[in-house]
Amino acid sequence: MVYRDAPHVDVGSFYARNPCWGKIYRLLGYIGIAAAVALHDDADAIAKLLVVVVVVWLAAWYQIVGTLWRSSLVAAALLCAVTLTLHRTGVIL
């Protein structure tokens with residue numbers, strides 16, 4: 001018996017029902033990460049990017065795109081949140 005064949009393991013929510021949409025959302029997440037790194041000096045732009053990333057994540061969630069494909073969007077949102085926190089604490093001026 002393989003781990004994924006166990007009756008108590010639900011892997012259906014991990015994968016996308018439509019992998020084509022999942023690839024698009026993963027790419028958007030990578031673009032969000034790159035934009036957060038490129039804009040790390042501008043707190044206002046990072047805040048706007050965070051709102052966009054969260055809205056895109058909600059759209060992916062609404063379209064039932066699996067968590068495997070949304071993980072890059074979560075990483076982009078976390079990077080934006082950490083960068084905003086560093087701006088607020090004065091670490092990044």
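1. T83 sits in helix α3; helices here are DSSP runs of H or I with at least four residues, numbered from the N terminus. The model is predicted: local features need pLDDT of at least 70 and side-chain atom pairs count only at pLDDT 80 or more, while totals for chains, interfaces and linings use all residues. Residues are numbered from 1 along each chain as its sequence is written, and side-chain values use heavy atoms, with hydrogens and water left out.

2. Is T83 buried or exposed? T83 counts as buried because its relative accessibility is 7%. Buried means under 20% relative accessible area, exposed over 50%, and partly exposed in between (1.4 Å probe, protein chains only).

3. T83 is in contact with H40, I46 and I92, leaving aside its neighbours within four places in sequence. Contact means heavy atoms within 4.5 Å.

4. Helix α3 covers residues 67-89. Its 23 residues should span 33 Å at 1.5 Å a residue, and its end C-alpha atoms are 31 Å apart, so the two agree. The expected span is 1.5 Å times one less than the number of residues. Just after α3, G90 takes a positive phi of about 90°.

5. The buried residues of α3 are W69, R70, S72, L73, A76, A77, C80, T83 and H87. Their cover includes α1 and α2 (43-62).

6. I24 lies in helix α1 (residues 19-38). I24 counts as partly exposed because its relative accessibility is 38%.

Terms used: Helix = DSSP H or I, 4+ residues; strand = E, 2+ residues; numbered from the N terminus.
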